[in-house]
Amino acid sequence: RDLDVTNLEPNKEYKTESPEILAKCKYFTATKFECKDRGDIELSKNCFRSVVVLSGNATLTVGDTTLDIKKGDSIFIPAQDGLAKICGECEAIISYV
């Protein structure tokens, strides 16, 4: 039997990369994004990004626009190609369709 020979314990040496997928279905994907100093959010002209800041303080730069972000903020990034750059320390949920 497959379950008899399967190890279901998580590998303690495995490190997840940010963003970590929290939920995914045919309607949307939600990821957990952690930034300790600098990080990038990949953008696409095919869908928007919704960013909800869970903790910390940082700056979010998209193109020529820079915003100070903090716990509780909700930011909508319109569909576009490129990167959103985050500088600072924060944790966020990023959703997209």
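This is a predicted model: local features need pLDDT of at least 70, side-chain atom pairs count only at pLDDT 80 or more; totals for chains, interfaces and linings use all residues.
## Strand E4 and its partners

Strand E4, which covers residues 49-62, pairs with strand E7 (residues 82-96) in the antiparallel sense, and 12 bridges join the two. Within this pairing, serine 50 has serine 95 of E7 as its bridge partner. Strand E4 also runs antiparallel to strand E6 (residues 74-77), with four bridges between them, and here valine 52 stands opposite serine 74.

A further antiparallel pairing, made through six bridges, joins E4 to strand E5, which spans residues 65-70; in it, alanine 58 faces isoleucine 69 as its opposite residue. E4 and E5 together form a hairpin in which two residues lie between the strands, and glycine 63, located in the turn, has a positive phi of about 60 degrees.

## The nonpolar core

The largest nonpolar core contains 17 residues, and those with the most contacts inside it are Ile41, Val51, Leu60, Ile75, Ile77, Ala84 and Ile86. Two or more residues come from each of strands E2 (29-35), E3 (38-43), E4, E6 and E7.

## Salt bridges

Four salt bridges are found in a search of the whole structure. In one of them, the side chains of lysine 32 and glutamate 91 meet at 3.6 Å, N to O, and this pair links distant parts of the chain, with lysine 32 in strand E2 and glutamate 91 in strand E7, 59 residues apart. Both partners are partly exposed, lysine 32 having a relative accessible area of 23% and glutamate 91 a relative accessibility of 22%. Lys32 and Glu91 also belong, with Glu34, to a network of linked salt bridges.

Lysine 85 and aspartate 40 form another salt bridge, in which the closest N and O atoms are 3.4 Å apart. Because lysine 85 lies in strand E7 and aspartate 40 in strand E3, this pair ties together parts of the chain that are 45 residues apart in sequence. Lysine 85 is partly exposed at 41% relative accessibility, and aspartate 40 is likewise partly exposed, with a relative accessible area of 41%. A salt bridge also joins lysine 70 to aspartate 73, with 3.4 Å between the closest N and O atoms; lysine 70 is partly exposed, with a relative accessible area of 45%, whereas aspartate 73 has a relative accessible area of 18% and is therefore buried, since the limit for a buried residue is under 20%.

## Threonine 29

Threonine 29 lies in strand E2 and, at 6% relative accessibility, counts as buried. Leaving aside the neighbours within four places in sequence, the residues in contact with threonine 29 are Ile21, Ala23, Lys24, Ile94, Ser95 and Tyr96. One of these, serine 95, is the residue already described as the bridge partner of serine 50.

Note on methods:
Residues are numbered from 1 along each chain as its sequence is written. Side-chain values use heavy atoms; hydrogens and water are left out. Two strands pair if DSSP finds at least two bridges between them. A nonpolar core is a set of buried Ala, Val, Leu, Ile, Met, Phe, Trp, Tyr and Cys residues joined through side-chain atoms within 4.5 Å. Buried means under 20% relative accessible area, exposed over 50%, partly exposed in between (1.4 Å probe, protein chains only). Contact means heavy atoms within 4.5 Å.
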